[in-house]
Every structure is written in structure tokens, then in C-alpha cells.
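Please keep the sequence and the model in view while reading.

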Amino acid sequence: MIEARHLRVLRAVAATGSFSAAARELGCTQPAVSQQMKALESSTGTPLLIRTGREMRLTQAGEALVRHASGILAGLTAAEEEVAAIAGLRAGRVRLVSFPSGSSTLVPGALAALRAAHPGTRVSLVEAEPPRSVEMLREGDCDVALAFRYEGAKDAEEWGDLIVRPLLADRLVGLVPEGHRLAGADSVTIGEFAEESWIAGCPRCRRQLVEVCESAGFVPRIDFATDDYPAVIGLVGAGLGVAVLPELAIESVRPKGARTVTVEPAVQREIVALTLPDLAQVPAVAATLDHLARAAAR
């Protein structure tokens, strides 16, 4: 019989490439990892790993088992949580991953309301930008992923295998220094920034910026790039360039020395909460999705 703990070890070995690295990730010893892998191979009746010196590769059977492991482990988590709720324990655990501007705007209110309504539910939070956050969900490393994708983007992700809870449409706005020639404009076209120095945000936002500018007939000169939105706003406020940022990113930061302007045509990103179909049936996960939706509606 294949045990869940053995599948977790196999997945860690496959991801890290060695017993010692897997042991560090799992918080156990290298001999313990080796023993559990031997037990798993004994259970399956076939080798799962090929060891050649320091290199370790999966056999065809090992690849097949790793491919199914994430879904199996997610299903087990869903079963454990649902059974606990049915048994009346009034407890739950949700692992939430969010992109930074969502963490500072949508998540605090949602989690405060969730804690007030369900004090027995524990929620942990880590930050990751999509597509990494979506990969974490599919790999079984979180239960809910707060993510986004841009309308009409060339690299738009497909979420057909996931439960998608739409939250809001987050419009991009322009950000210019206070003394900029366009600081007092009611609205501007993206083409009016063609000769400007640009400050770009996260990698996905950077790609979207380039696509929007190219559609307006120019390639943006990106002099600064940072994943930190306060840093983007600080660079603009210091007069070092212009930027376009989602409204959520500006909402949690006071744009000192900078002004926002409406950019036409409108570009929006779709903010959603994602989970796996099995996990959507878990009461604590369903409650988290509900509270995120309510926080977005305010």
C-alpha cells in the first residue's frame, strides 16, 4: 500500500534531486528519507529512482507516481479537513498564497473577518506572484491562491482545471512625478509616455507594459525594474521616470511626490481566488473564498 508520507518524500526528492536536499526541505534526516524511499519502492514492487554517483533520476514508474502525487495529496487533505468538520471539531487550516499588493489590501480584511466568524480556523500566508502561486496550488503546497491575469495578455494562464472565484477588475493607472507635464491631466493615452523613462514592476507586469506600449507604436525605455511597488512609487516621486501600476498597488502606499493619472485605453487585470476542485468542498477553504470575495466587494 502506498502511504501519503512516502509520496511527500518522493515528491521532495524529485524536486530537489537528492536525499540530503529533500531531508533539509522536509526537516528530517537523510537516512530517514532513504528508508522511506526504500519502503515506497518495496510497496510498488519496482525501482522509482536511478542513482548514478551524485546524480539521481526518476524511472518511468517514478515519473508516473510523482505526476499523480500532487492530486492524491490534495485529495487526502480535502478528505481530512472535511471529515474533521463533519465530526464537529470546528477546526480547519488554510494555506493561502497571495501576490504582494493583494496581501496588503484584500487579505487583511478577509482574514480578520474569517477569524471573527470562525476562530478555530487557522490561516497561514506566504507571498508569491503568479504563475508561481498557481504552480504552488497545483503542486499541493497551498490551498488557496490569490492570483491575477491581464485581459488579452499573450501569456494568459489557463485555469480550466481549477475553481476560479472572481474578485475584482483592477485597472492600471499612470504614475508621474508631481512636476511632470501630464500631472494635472484628466486622462492620458499610453502613447504620450513614448519618450519617457520607465520604471517597471513585477515580471508579469513588465511583459504587459511592453505589450501595451508596442500596441501604441513604441517600445518603452525601462531604466528601472523592481518587484517592490513602494520602490516603484518612490522612484517616480523622485522624478526618475513614469510607471503604470494596478490600483491595488497604489491603494496601500501613499504616493509621496507622485500623481496618478487615468490611462486610456483602459487596461485591467482580473483578480481571482483559485483552489482545486477537491479543496473547494473543504469548509475552511470555502469560507476563505467567501471572505475574500466580500473584502473585494467593499
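## The largest cavity

In this predicted model, the largest cavity has a volume of about 100 Å³, and the count of cavities of 30 Å³ or more comes to three. Rolling a probe the size of a water molecule over the atoms is what shows where such empty space is left.

The lining of the largest cavity is made up of 13 residues, and those nearest its centre are Gly201, Cys205, Arg206, Leu209 and Val244. At least two residues of this lining come from each of strand E8 (197-200), helix H7 (203-215) and strand E10 (243-246), with H7 giving the most, namely four residues. When the lining of the largest cavity is sorted by class, 10 residues are nonpolar, two are polar and one is charged.

## The largest pocket

The largest pocket has a volume of about 510 Å³. It is lined by 20 residues, and Arg11, Leu73, Glu139, Gly140 and Asp141 are the closest to its centre. Helix H1 (4-16), helix H2 (19-26), helix H4 (60-86) and strand E3 (92-98) each supply at least two residues of the lining of this pocket, and the largest share, seven residues, comes from H4.

Which classes of residue make up the lining of the largest pocket? There are 10 charged residues, seven nonpolar ones and three polar ones.

Helix H3, which runs over residues 30-44, has 15 residues and reaches 21 Å from its first C-alpha to its last, close to the 21 Å expected at 1.5 Å a residue. Its buried residues are Val33, Ser34, Gln36, Met37, Leu40 and Glu41. An α-helix has 3.6 residues a turn, so residues three or four places apart point the same way.

On the other side of H3, the residues Gln35, Lys38 and Ser42 are exposed. Just after this helix, Gly45 takes a positive phi of about 75°.

## Helix H5 and its kink

Helix H5, covering residues 100-117, has 18 residues, and the distance from its first C-alpha to its last is 25 Å, close to the 26 Å expected at 1.5 Å a residue. A kink of about 45° lies at Val107 in H5, shortly before the proline Pro108. Val107 is also one of the buried residues of H5, and the others are Ser101, Gly102, Ser103, Thr105, Leu106, Ala110 and Leu114.

Key:
Residues numbered from 1 in each chain as written. Predicted model: local features only at pLDDT ≥ 70, side-chain atom pairs only at ≥ 80, totals over all residues. Heavy atoms only, no water. Expected span 1.5 Å × (residues − 1). Bend = angle between axes of the 7 residues up to and from the residue. Buried < 20%, exposed > 50% of the residue type's maximum accessible area, 1.4 Å probe, protein only. 1 Å grid on protein atoms, 1.4 Å probe; cavity = no way out; pocket = protein on both sides within 12 Å on 5 of 7 lines; lining within 4 Å. Points joined across faces, edges and corners; volume = space filled by probe spheres on them. Nonpolar A, V, L, I, M, F, W, Y, C, P; charged D, E, K, R; others polar.
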